[in-house]
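Colleague: Could you walk me through this complex? I'd like to start at the place where the two chains meet.

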Amino acid sequence: MDETSTTRHWLDDPPTVGAILVSHNGATWLPKVLASFAHMFYAPTTWRVVDVSSTDGSADLLRDSFGAERITYAASGTGFGEAVRLGLESMPHTDWIWLLHDDSSVLPGTLSGLLDTATSAPDIAAVGPKIREWPSLRRLLEVGLTITATGSRETGLETGEPDAGQHDRPRDVLAVNTAGMLIRRDVWDELNGLDPNLRLYFDDIDFGWRVARAGYRTMTAPAAVLFHAESSRRGTRTRTAGDLPHWEERRAAIYTLLANSPMPRFLWQYVRLFFGSLLRVVGLLIGKDPEAASDELLALRSAYTHPFKLIKARRRRRATAKRSHRAIRHLLAPFWLPYQHGFDMVRDTATALIKPEAVESVGRRSTTLDQAPDETEDLDDGPSLLQRRPWLATVLVLIVLSVIAGRGLFGGGLHGGALLPAPGSAGGWWDLLLGARHDVGLPSETLAPVFALPLAVLATPVWFHPGLVITVAMVFAVPLAALTAHRFGRQISSHRVPRMVWAVSYALCVVATGAVSQGRLGTVVALVVLPIIANTAWQLAEKPGWQLALRLGIWIAFASAFAPIVLPMSLGGLLILWYAEGRWVRGQLVVAAVVPLVLLGPWLAQRALRPWRTWWEAGSPLPGSATVREVVLGRAGGPGAAPEWLTVGVLVLALVALVPRRTRTGVLLSWLVALLGQGAALAGTLVTYSTHAGPADITPWVGIPTVVWIGGLLTAVLLAVPAALSWPRPALTAAVVVALVLPVGTLGWWVVRGDADPLDDGRDNVVPVFLAERPGDTLILTGSIRGGVDYRVVAGDGPFLGQEAVTASSAEASRLTAIVRRVLAQATTADIDSLGELGIDSIYAPSADPEVSRRIDAAPRLSPAGSDQPGSRVWTLAPQPTNDAADVPWWHRGIGVLQALAWFVAIVLTAPVRRRAAPEPLDDQEDAEVTA
Amino acid sequence: MSQRQRANMKDLRILVLPFAAVALVLLALVAPSSSESGRPPSRVIVGEASYACPAGSVITVASGQVRAGTGAKANIFPGRARDAELEKPSSWRTSVVDGSGVMVQQAGRASGPVGFFAGTAPKKGGGGLVVGSCPGVVDDAWLLGLGSGGKHFSTLILTNLADTPAAVDLSLWGPKGKIDAVGSEGIVVGPSSVRRIRLDELAAGESELAMHVHRRRGSLSAVVNDSATTVFSGTEPVSATLSPRRKQVIGGLVQGAQGRTLMVLNPGADTARVSVKVIGAKNTFAPSGLDQIKVRAGATRSITVPKSAGSGAQALQLTSDQPVSATVRMAPSAKDYAYAEAVPALTGPSVVPVEVGPKIGAPRLLLTAPGAAATVDVQAYDSSMRRLAATTVKIKAGTTTWTRLETPEAAYFVVTPHGKVVAAATYVKGDGISSLALTPAPVTVLSPQVRPVS
């Protein structure tokens with residue numbers, strides 16, 4: 001700015017300005033700070049320096065610069081406000097007071113810039129400069145201050161926001177920093193200066209708040225620039241006896257809020273801050289910041305154990321207040337700001353978990369978001385998005401195609417095939433995990449499935465529409481799988497286009513198996529997560545560490561919760577990793593193998609008691625029907641599977657990929673993984689499993705191992721790309737054409753067929769509506785006398801996703817089986833009464849076998865009722881049901897809580913430990929800029 | 001080996017993985033896979049059973065069981081008054097019930113409760129001896145030998161055993177074909193009540209009728225009371241014969257070649273050709289005149305059993321190319337007649353009542369072994385269920401034998417088969433005659449395999 005050209009009306013009658021520099025062990029910065037005072041366009045009328053027991057030679061520097069007569073020495077432990085007060089006592093009266101820190105340097109026009117704004121209106125009492133970071137000099141630190149309702153100091157700036165003139169308009173603010181603050185002397189005296197109870201922190205905000213209540217204005221003067229090292233906040237100042245403890249900052253925040261809040265609000269704030277601080281302690285402990293948690297506790301104790309100090313402070317403020325709090329409310333931070341901070345913190349943690357390669361666990365900042373090269377690499381010579389960001393464009397296309405393929409499935413009520421509908425609210429899943437009673441028909445001994453926990457967490461933000469979580473997972477399975485696969489692909493291949501084709505091919509394999517159409521949520525989730533598992537394992541092999549191992553274990557547990565078959569397959573994968581990497585990762589692999597066992601806990605034991613039961617994924621144990629040929633060609637049988645021939649090309653290319661020697665190591669590893677999948681899938685075609693006291697002789701669905709088989713082969717092909725690039729052009733062209741058959745063909749088939757059938761949207765008519773409204777449960781009978789009868793008991797309108805795993809206890813199931821047999825043989829009154837005792841008050845035969853119907857007709861105490869489906873029959877029981885909901889054993893809830901806690905702790909442990917900032921050395925280069 | 005050769009050998013090793021994949025596929029193809037086994041019905045023990053008996057001032061109702069039960073309730077219809085006499089589950093008991101019917105509900109694991117009724121019909125109704133078993137819940141009942149004419153008429157007695165309404169459909173056939181009876185479908189029987197339907201209300205003027213009772217809803221039993229004052233006269237309860245099938249045995253034909261009439265119903269759409277063999281005292285033979293009897297589709301036919309069939313106690317074995325139902329009417333004298341129905345071979349102990357009304361003589365037990373030789377254990381019990389005597393009767397393969405069940409103080413006999421045996425008991429009182437086809441007491445019952453699903 002050209003200072004000389006500025007017209008300054010105040011120069012006609014120049015105001016007197018008394019500058020007070022407070023110093024305490026500031027020798028590091030003082031030489032540059034003092035030098036900056038020498039070239040001001042408008043210098044203060046008088047100077048006063050207060051040295052607070054410096055031990056680093058600061059006093060000598062000050063004496064040399066200002067002379068001994070301008071220095072006041074304060075005792076150790078003197079606060080900033082008190083130091084200013086001491087300085088004022090020995091300084092002549094001036095119109096304005098200019099407060100300066102020993103770690104803040106000024107520009108020549110700083111004071112004149114401040115005076116420009118300060119003299120622009122008579123009610124302006126305090127003005128603050130635009131404060132930039134020292135040593136970076138470019139980043140903004142503050143252009144005015146305010147405070148949130150939780151006591152957070154708010155600048156309104158983004159972290160590291162550079163100064164590009166975006167805040168260069170003077171504006172009213174609640175407060176300005178004491179570093180460079182210009183205050184009217186009369187107002188200072190009227191308000192009795194800074195509060196002595198705020199010795200270092202929040203004294204500026206408190207003062208600004210009081211200024212505002214007293215009817216004056218505080219403004220920013222962006223034309224005035226000041227560089228601030230924030231040595232106290234960053235801990236770069238040499239600490240001596242009498243310095244304030246770290247928790248003082250938080251105490252000051254609480255004190256400031258409680259001292260200045262108006263009365264009705266004060267009571268609420270008093271309670272809120274107390275419990276809020278306790279919550280913060282928990283949060284900080286979870287965020288692995290124990291020092292900050294300790295500070296919070298100490299601050300809380302200090303603030304709340306001195307009520308009389310608070311009463312006096314409030315009385316003083318009441319005496320000077322002339323404006324209502326409502327009149328200055330706009331100067332305070334909006335109410336939602338603390339929640340945004342909370343969201344940012346959760347987002348950072350999630351980012352750290354999902355993108356392991358993006359995490360750097362050193363320094364004060366826990367995570368740094370990696371700017372993905374593919375996403376950020378702008379090609380200036382091409383205008384289209386496809387050229388500039390090809391992967392982003394691909395994902396967008398996949399999302400659009402997903403919407404087309406998912407036509408008719410966006411009502412939020414997905415069900416069909418193996419998929420059960422979502423509960424009425426997210427509370428259903430929480431209740432399943434932690435509730436005392438399960439409304440699932442019969443009493444149960446089985447634990448709630450672990451996958452209900454992530455579903456509950458994910459559905460909580462959309463509490464009344466938990467089906468949205470399922471819809472997103474199922475309908476957008478392809479883009480989700482493509483995203484995770486591509487992220488892994490970036491680790492293993494540097495060839496962008498083959499990598500993208502590979503990721504899309506893998507993602508399409510998910511729908512090609514029929515997993516989406518058949519409502520196999522477990523398969524979909526597991527296949528979306530599998531690339532993350534592979535990615536984390538890859539990271540582990542590259543940089544072994546226990547946090548990565550823990551993260552790998554968590555992801556294995558997550559996928560296994562939805563599809564337990566992932567667990568043995570992952571253990572097989574870990575063995576392959578051990579074979580490839582040897583003893584370097586042995587310890588970490590043990591951690592990765594043990595963590596899922598802990599996180600899945602007793603539920604896993606229930607499943608693992610019969611090993612084949614690990615094939616039972618989330619949802620109904622709908623049998624699979626894969627043949628050996630289908631498995632080899634990447635299909636798992638059943639409706640919604642893509643044509644098998646689409647995969648033939650991959651098999652051929654995978655064989656060819658074995659030929660080049662230079663890429664053979666990776667290709668062999670991929671083949672090993674593929675064989676692991678193929679072996680598991682083929683084994684699945686040979687066995688059957690039975691659920692706990694439920695359906696029996698179920699042929700497993702082998703979607704996951706089948707995709708692992710094809711995915712492994714696809715990876716082998718991708719890894720062989722570098723060698724293939726040297727092939728003759730015709731051979732390379734042929735290989736490319738063959739490689740494109742799978743993604744292009746499957747994409748076309750997928751979009752044309754869509755995701756629906758048997759997957760459906762809307763109400764799942766398990767029982768007629770009028771039966772769902774009845775107080776008791778419904779016994780549903782299917783089958784025939786000759787071929788056997790199957791039964792199930794449903795509560796209300798049927799089970800929601802997760803309840804299918806809470807099967808009846810063996811005793812109750814055996815009892816009901818015997819009763820149903822007797823009812824279908826020669827029913828007696830006692831049999832029907834027994835049904836009532838089990839909470840059943842109606843019988844429903846959806847496709848009634850005439851003989852079955854006739855036998856039920858012959859039962860006493862049953863009344864035939866109308867049904868809403870042709871060919872179905874309904875009977876209602878005369879006896880009232882006595883036991884509608886099933887009691888959960890007391891220890892189930894304990895295990896549910898412990899399991900949730902275990903997941904929580906594990907996730908927290910993967911977050912990097914936060915430590916108090918270490919002193920940051922000054923950058924000589926940037927220091928030079930100040931001097932200049 | 002040169003370095004190049006070694007490298008080539010190393011290259012060949014990569015084939016291990018594809019070969020392993022192929023080997024896994026072959027292994028999966030040859031390995032035995034699990035397959036779901038069939039789930040045929042199996043027997044379950046009966047814990048409670050109900051039956052309904054027609055009642056009246058001239059009818060005695062008897063209740064008993066194979067093993068002592070744990071409790072019994074006897075409700076008289078209408079009104080549901082209790083009959084304390086019939087509520088003793090550990091004894092043989094009789095009662096003359098003042099009502100239109102009585103329902104006995106007896107509990108007890110495998111107790112096999114059974115009920116019978118007996119009496120002498122008044123002369124204006126044809127007179128004659130009546131002995132019948134009280135049926136339980138019926139699904140389908142095929143009844144032959146009925147009539148709706150002035151001198152031969154039948155009354156269907158439907159008893160609703162439950163406290164919810166029941167409904168039946170009736171189908172009627174005559175010698176000329178199926179009868180389009182008005183109001184024969186959806187006949188409702190009120191909860192816990194008895195409904196009597198004279199067949200002439202449905203199809204008047206038919207001297208020979210066959211009827212199919214099909215329970216549509218609810219829990220009810222069916223029995224027919226048949227009376228005649230024509231060539232044959234008397235009264236007889238008609239029990240259900242076997243549903244139409246290609247092979248069946250009609251046991252319990254009493255001595256006397258006179259007045260035996262074989263009645264056959266062919267409800268199908270094709271003419272049936274029925275061959276009849278006689279399972280006599282010494283062997284099984286085909287009598288002349290009973291070979292390739294044609295029964296028109298959807299019609300009944302009555303054939304007089306010729307003298308070539310012999311006059312001894314015997315059974316008829318029917319073989320047909322179309323499913324048919326059959327019953328034999330026996331009228332050895334003009335004073336009374338009886339029906340012998342086709343019943344399945346005994347699969348468990350069966351009860352033969354003795355103490356079932358005054359002055360009924362000791363019954364004859366007619367036993368037929370249509371296949372291999374068989375034996376039956378016959379045990380006599382008094383009314384307090386004390387065993388009085390026991391004997392074993394041997395039946396040669398393909399023969400019919402009989403024995404008189406005569407033990408002093410005996411209230412009932414329990415007949416336990418060993419082998420395939422068709423059994424009937426015949427009662428004689430003066431000129432009166434009655435036949436009771438024996439069916440197993442409800443100790444066990446076939447039930448479908450049941451399993452939970454999710």
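Predicted model: local features only at pLDDT ≥ 70, side-chain atom pairs only at ≥ 80, totals over all residues.

Colleague: In which sense do strand 17 of chain A and strand 36 of chain B pair?

Modeller: Strands are DSSP runs of E, at least two residues, and helices are runs of H or I, at least four residues, numbered from the N terminus. Two strands pair if DSSP finds at least two bridges between them. Here there are 3 bridges, and the sense is parallel.

Colleague: Which element gives the most to the side of chain A that touches chain B?

Modeller: The contact (C-beta atoms, placed from the backbone, within 7 Å) takes 53 residues from chain A and 41 residues from chain B. Elements giving two or more residues on the chain A side include helix 28 (664-684) and strand 17 (788-794). With 8 residues, the most comes from helix 33 of chain A.

Colleague: And how much of chain B is buried?

Modeller: Chain B comes to 2 helices and 36 strands. A residue is buried if 20 or more other C-beta atoms, placed from the backbone, lie within 10 Å of its own, exposed if 12 or fewer, and partly exposed in between. Of the 454 residues in chain B, the buried share is 54%.

Note on methods:
Residues numbered from 1 in each chain as written. Chains lettered and ligands numbered in written order. Contact = placed C-beta atoms within 7 Å.
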